[in-house]
Amino acid sequence: MKINKKIKLDFPWFQKNKGWTYLDNSATSLKPKYVIDAIVNFYEKWSSNPHNSDSSLTYHALTMIDQTRDKLAKLINAKKQEVIFTSGATESLNLVSRGLEPYLKKDDEIILTYGEHTSNLLPWMELAKAKKCKIIFAGKPNHVPSEQDIIQSITKKTKIIAYANISNLLGYELNANIIGAGVKKHNLNLFVVCDATQMLPHKLIDVKKANVDFLVASAHKMCAGTGIGMLYMKEKYFNMINPIRFGGGMNNNVECNSYTFASGPDKFEGGSPHTAGIVSWGAAIDYLNAYGWDKIHRHELMLKKYINQEFNKLKNVELINPKAIYPIVAFNVKGFNSHDIANYLGHKKIIVRSGLSCAKLASYIINEPGVIRASFYFYNDKNDVDTLIKTLKNIKKGDIIDYVI
């Protein structure tokens with residue numbers, strides 16, 4: 001596979017939207033032509049249901065799913081049979097929370113942080129309500145949570161720890177290996193759930209070193225199609241946890257009054273899969289591997305350093321997360337509402353996000369009702385930073401009113 005030296009040439013979005021600056025990568029990433037071609041090729045050449053293995057052509061769809069499963073397993077150092085395809089990280093987290101319900105009792109504790117995306121918050125709140133458990137928020141208000149905050153929150157009543165190892169709003173990292181080592185030191189029988197949705201586009205994670213029981217991710221954050229996600233589940237839990245999707249493909253035998261589950265990932269993948277999405281993820285992994293994960297990380301570190309340098313020159317802007325490692329920039333313009341600024345930037349062809357970006361409790365960390373989030377990826381460059389900085393520098397009061405709907 002050939003990677004363009006000018007990386008943006010690999011992404012048709014930039015050719016189709018000239019003059020626009022895309023800075024909403026934490027929400028979803030753009031797709032390279034290589035991935036788009038893989039999707040088109042599937043629909044044009046194969047376009048079959050992988051549950052049909054009665055011909056070599058239709059069987060190929062199943063082979064393509066198997067290949068992507070293997071690629072994902074290698075990315076996170078898991079067994080292939082431990083990778084379950086879902087519709088996204090949200091379904092993955094709901095599957096885990098529903099599956100763990102029988103193993104919790106009244107007054108058990110679930111450790112979260114204030115920085116969690118609602119997908120890693122509401123399923124646990126529902127579980128706590130159903131089982132009369134207690135939610136413990138690691139850390140304290142006005143304070144970015146740390147690995148030690150989580151480890152020190154563990155008690156004899158702790159049953160679940162669920163955390164995002166990169167914040168989708170503030171870009172800080174919770175090192176999964178440190179948390180995993182701390183949990184192991186306690187030697188307690190608890191479940192560790194890692195939301196790696198924001199991590200995997202930027203940096204790989206080893207589920208064995210991290211000592212996680214469950215890990216979730218979404219394809220569309222890492223240059224693949226929408227509507228497809230992953231749940232890594234330690235193999236030992238497959239017989240303990242029930243699926244949340246019942247139907248074709250997830251059963252072995254069905255009688256009038258009984259049925260049995262299929263084994264392995266099939267048990268949790270009921271119904272016809274989003275094969276094109278899975279194929280796109282396989283292609284995206286090939287593309288990212290060819291580009292190089294170290295290269296991605298180095299570029300983003302350089303970009304974040306440049307971003308901080310340029311933001312510090314702006315007298316009218318407050319940078320909320322200057323210490324964040326990853327290229328997610330949370331800021332506010334003094335005297336303006338975050339939604340008004342994002343709307344203004346949108347009319348200037350700069351795509352950002354405003355509010356709390358689904359991290360609804362992050363206001364406890366930053367003491368702000370909302371921020372503007374500009375999130376960068378490896379195809380962004382200094383010119384994108386300069387465009388944003390120049391526009392922010394020139395904002396005047398009357399400009400905002402023109403764009404308020």
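Q: Does T58 count as buried or exposed?
A: This is a predicted model, in which local features need pLDDT of at least 70 and side-chain atom pairs count only at pLDDT 80 or more, while totals for chains, interfaces and linings use all residues. Residues are numbered from 1 along each chain as its sequence is written, and side-chain values use heavy atoms, with hydrogens and water left out. Buried means under 20% relative accessible area, exposed over 50%, and partly exposed in between (1.4 Å probe, protein chains only). T58 has 12% relative accessibility, so T58 counts as buried.

Q: Which side chain does the side chain of T58 join in a polar contact?
A: A polar contact is a pair of N or O atoms within 3.5 Å; within protein, one must be able to donate a hydrogen and the other to accept it, and residues adjacent in sequence count only if both atoms are side-chain atoms. T58 is found in helix α3; helices (H or I, at least four residues) and strands (E, at least two) are DSSP runs, numbered from the N terminus. At 2.7 Å, the partner of the T58 side chain is that of S55.

Q: Why does the span of helix α10 agree with what it should be?
A: The expected span of a helix is 1.5 Å times one less than its number of residues. Helix α10 has 19 residues (293-311) and should therefore span 27 Å. The end C-alpha atoms of α10 agree with this, being apart by 27 Å.

Q: Which elements do the buried residues of α10 pack against?
A: The buried residues of α10 include W293, L303 and F311. Contact means heavy atoms within 4.5 Å. The buried residues of α10 pack against α3, α9, β11, β12 and α13.

Q: What arc do the buried residues of α13 cover around the axis?
A: In α13, the residues D384, V385, L388, I389, T391 and L392 are buried. The arc is that of the directions from the helix axis to the C-beta atoms. These residues lie on the same side of α13, because the arc they cover is only 165°.

Q: Which residues are exposed on the other side of α13?
A: An α-helix has 3.6 residues a turn, so residues three or four places apart point the same way. On the other side of α13, the exposed residues are N383, K390 and K393.
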